[in-house]
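Q: I would be grateful for a close look at one part of the structure shown below, followed by an account of how the rest of the chain is arranged.
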Amino acid sequence: MRNPLSDTIVTIPPSGIRKFFDIVSEMKDAISLGVGEPDFDTPWHIRDEGIYSLEKGRTFYTSNTGLKELKMEICRYLKRRFDVSYDYSTEVLVTVGGSEAIDIALRAMLNPGDEVLIPQPSYVSYTPCTILAGGVPVIIELEEKDRFRLTKEKLLEKITPKTKVLILPFPNNPTGSIMEPGDLAEIAKVVEERDLFIISDEIYSELTYSGDHCTIAVFPGMKERTVLINGFSKSYAMTGWRLGYACAPEMILTQMLKIHQFAILCAPTTSQYAAVEALRNGDPDVNHMREAYDQRRKFLVKALRDMGLECYEPQGAFYVFPNIKRFHMTSEEFALKLLEEERVAVVPGTAFGDCGEGYLRLSYAYSLEDLKRALERIERFIKRLDGKE
């Protein structure tokens, strides 16, 4: 029998995040700090709107691009929060999570052999989605000394005549780094000078701790070059609702819509009605969750530093990325040993790119009680490594 599998897909490894999650699911008394999912329930008024939509029989397909009311609310939200304007009828597409938006944006924009610049460490989907779209991923290694930000110098080093797209993964998963307006202004100049396009993944835009998020789409000439991706999973604790969106120039969005039509048809109707309520009345919920994450962030960074781990202080998202290089173990060896000996699951930094070696990702999207219990075990583990126990 012939091999039924694609040569491309068999070369792509499975997610390094899910590997540890699967191990934990079979392990008693384990504490997981590995999965990037809010520990908050979706706020009741948002759930109520989803329930009400079902009770009213709103169970039919929506427009391929999404509910008109939702697209209009997305545009109002982006204008009031980030001062960027979109036309709901031609520049907004509601997707099944931000992940679908990343996938179809790359497929709509790339020709075989086009290069995509991917700053790493970063979200696990960018590289495989680039490969599946026929593109060539080109990695820009972010460094702790730069606060894991993308600098103009690092960007210029990697641009070639084949470069077409730059992915901007900020606020960043796994490092928690952000790009400030001055940083983005420098990147915008390079993008325009070198005639590049941007996919800006802003799924953590509401989770910043040192000032409001800034999108590169607000800079002169950038909206015409940018696919802005966002969603409801992180900001509104709506991971299971599977809802995101992309905002882009009509030329790009029209082609993204074709893929969405043939592969998906439309995003879940119930989720879309709930998302309208989230955007209209969810600001207090977002503020409450952000304050809780900020408290956990400060607690976790201090605790890790107190036990002797170097740790960049994240300014966004809900992750810390401590440096474990002094133990002379690979990230995977450290994470597996910690899981086996202390029943604490963290994600090796290499799950987010080779330059994540020597780091771990810990999520603080967990209660303070869980964080305290996990930290007690981690401290005990480190003391043994240091020969103090």
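Which residues form a nonpolar patch on the surface, and about how much accessible area do they have together?

A: The patch is formed by L5, I9, V10 and L132, whose accessible area together is about 360 Å². Patches are made of residues with over 30% relative accessible area and no salt bridge, nonpolar side chains (Val, Leu, Ile, Met, Phe, Trp, Tyr) being joined within 5 Å and like charges within 9 Å. Areas come from the Shrake-Rupley method with a 1.4 Å probe, and for residues only the protein chains shown count as cover. V10 belongs to helix α1 (residues 7–10); helices (H or I, at least four residues) and strands (E, at least two) are DSSP runs numbered from the N terminus.

This is a predicted model, in which local features need pLDDT of at least 70, side-chain atom pairs count only at pLDDT 80 or more, and totals for chains, interfaces and linings use all residues. Residues are numbered from 1 along each chain as its sequence is written, and side-chain values use heavy atoms, with hydrogens and water left out.

In soluble globular proteins, nonpolar side chains tend to be buried together. A nonpolar core is a set of buried Ala, Val, Leu, Ile, Met, Phe, Trp, Tyr and Cys residues joined through side-chain atoms within 4.5 Å, where buried means under 20% relative accessible area, exposed over 50%, and partly exposed in between (1.4 Å probe, protein chains only). The largest such core has 42 residues, of which L33, Y293, L304 and I378 touch the most other members. At least two residues of this core come from each of α11 (283–306), β9 (319–320), α12 (331–342), β12 (360–363) and α13 (368–385). Beyond its neighbours within four places in sequence, L304 is in contact (heavy atoms within 4.5 Å) with L309, C311, V320, P322, L362 and L375. A second, separate core has 29 residues, among them L67, Y86, Y236 and A278.

Helix α4 (residues 68–82) has buried residues including L70, I74, Y77 and F82. The buried residues of α4 pack against β2 (92–95), β7 (226–231), β8 (244–247) and α10 (269–281).

Side chains of opposite charge can pair when their charged atoms come close. The whole structure contains 27 salt bridges, each a side-chain nitrogen of Lys or Arg within 4 Å of a carboxyl oxygen of Asp or Glu. One of them joins R81 to D212, with the closest N and O atoms 3.9 Å apart. Because R81 lies in helix α4 and D212 in the loop between β6 and β7, this pair ties together parts 131 residues apart in sequence. D212 counts as exposed, at 60% relative accessibility.

R149 and E180 also meet in a salt bridge, at 3.4 Å from N to O. R149 is in the loop between β4 and α7 and E180 in the loop between β5 and α8, 31 residues apart. R149 counts as buried at 5% relative accessibility, whereas E180 is partly exposed at 35%.

Backbone geometry remains. Most residues other than glycine have a negative phi, and most peptide bonds are trans. F148, although not a glycine, has a positive phi of about 55°, and at 1% relative accessibility F148 counts as buried. A cis peptide bond joins Q120 and P121, with omega about 10°; another joins F170 and P171, with omega about -10°.
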